[in-house]
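Thanks for asking me to look this one over.

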Amino acid sequence: MSDEVVVKAKNLTHVYSNGVVALKNVNLEIRKGEFIAIIGHNGSGKTTLAKHINGLLKPTAGEIFVHGMDTRKATVSEIARKVGYVFQNPDHQICMRTVWEELAFGPRNLGFSEEEVNKTVKETLALFNLEKYSDVHPFLLGKADRLRIALCSVLTMRPETLVVDEPTTGQDMRQSYEVMETLKKLNGEGKTIIFITHNMRLVAEYARRAVIMSDGGILLDGSVEEVFSNTEVIARAQLKPPQITLLASRFKQLFYDKTPLTVNDFCSKIEPLLGKPSQR
Ligand SMILES: Nc1ncnc2c1ncn2[C@@H]1O[C@H](COP(=O)(O)OP(=O)(O)O)[C@@H](O)[C@H]1O
Ligand SMILES: [Mg+2]
């Protein structure tokens, strides 16, 4: 992680035209290279926040800077060069008649040359083994594949920061892990990943930082370990830490120094106590 701040929200507030206050004085700083999860119950403001990071929504009070751009002044396409956004429902995003065209749409819009478009589309399809669907209509594919197409159609624009809204909804566990592994790989290449999810296991296994939202505000912001060990706030946000973390919280005297987030974390503490060398 570098010192470069890619998202800076200052007292960010958004009131929809119907009067719903979806964000209230949100202060948030995200640095380049972070892998951050935004969690919170339905209606807590996660999608509204995400849409401020890509400039689709503008603050009604306060401000947000994205890659140094004040989103009230920058155009959506200026922001799209830096930030890729994968919608909560991929069908809200898919608009072309073949997978290839869908993936080429974004980079063409941003003015990539045809040569660059071909290169980025090819590479992105290969990343997900989706080459075979090149000429297929995206809507003929299953939900899991449509989500991958939506993700790919953002990646072809080569954004530095990716905002992915509920990337694993409607996917089975294997598919969810595949999406998360791809995000992890992209993060390893230096991209900042901001993902919204309900799946606490995925937060535990992949994110390094978690932000809990509730009623349009930030309830807690810290390392995933810090956040999951704060059982009181977690409960207030109507969330549940992973089962393994809950189990460990029953044995506080053993796990006083480090909250386990995964089965591996748990076992590496327990096995030596049982006289067994740790398996890992
Ligand atoms: N387009 C909209 N117009 C009016 N209210 C909205 C709109 N979109 C979301 N809301 C309301 O704003 C609040 C936050 O919604 P949202 O950001 O979608 O939350 P989340 O993604 O955490 O479920 C909710 O009360 C929701 O009903
Ligand atoms: Mg949402």
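1. A definition first: two strands count as paired if DSSP finds at least two bridges between them. With that in hand, Lys8 stands opposite Phe65 in E4. The strands concerned, E1 (residues 5-15) and E4 (residues 61-66), run antiparallel and are joined by five bridges. Please keep in mind throughout that this is a predicted model.

2. E1 and E4 belong to an open sheet of four strands, in the order E2-E1-E4-E5, with antiparallel pairing. Its edges are strand E2 (21-31) and strand E5 (69-70); each has a single partner strand, so one side of each is left without a neighbour in the sheet.

3. The other sheet to look at is open too, with six strands ordered E6-E7-E8-E3-E9-E10, and its pairing is mixed. Strand E6 (83-86) and strand E10 (217-223) are the edge strands here, pairing on one side only. From one strand to the next, the twist averages 15°.

4. Leu162 has Ile193 in E8 as its bridge partner.

5. Which helices pack on this sheet? One is H1 (residues 46-53), which touches strand E3 (35-40), E6, E7, E8 and strand E9 (209-214). The direction of H1 makes about 155° with that of E7. Another is H6 (residues 173-188), in touch with E3, E7 and E8, and its direction makes about 150° with that of E8.

6. H1 also matters for reading the ligand site: with three residues, H1 gives the most to the shell around ligand 1. The residues surrounding ligand 1 are Tyr16, Asn18, Val20, Ala22, Gly40, Asn42, Gly43, Ser44, Gly45, Lys46, Thr47 and Thr48. Sorted by class, this shell has three nonpolar, eight polar and one charged residues.

7. Now for the protein as a whole, which has eleven helices and ten strands. A compact globule of 280 residues would have a radius of gyration near 19 Å, and the 20 Å of this protein agrees with that. Along the principal axes, the C-alpha atoms fill a box of roughly 60 × 45 × 35 Å.

8. Finally, burial and contacts. Of the 280 residues, 42% count as buried. Among contacts between residues at least 6 apart in sequence, 62% join residues at least 24 apart.

Conventions. Residues are numbered from 1 along each chain as its sequence is written. Chains are lettered from A and ligands numbered from 1 in the order in which they are written. This is a predicted model: local features need pLDDT of at least 70, side-chain atom pairs count only at pLDDT 80 or more; totals for chains, interfaces and linings use all residues. Helices (H or I, at least four residues) and strands (E, at least two) are DSSP runs, numbered from the N terminus. Axes are lines fitted to C-alpha atoms, for helices over the stretch in contact, and angles run from 0 to 180 degrees between N-to-C directions. Two residues are in contact if their C-beta atoms, placed from the backbone, lie within 7 Å. A residue is near a molecule or strand if its C-beta atom, placed from the backbone, lies within 6 Å of it. Ala, Val, Leu, Ile, Met, Phe, Trp, Tyr, Cys and Pro count as nonpolar, Asp, Glu, Lys and Arg as charged, and the others, Gly among them, as polar. The radius of gyration is taken over C-alpha atoms; the globule rule is 2.2 Å times the number of residues to the power 0.38. A residue is buried if 20 or more other C-beta atoms lie within 10 Å of its own, exposed if 12 or fewer, and partly exposed in between; C-beta atoms are placed from the backbone.
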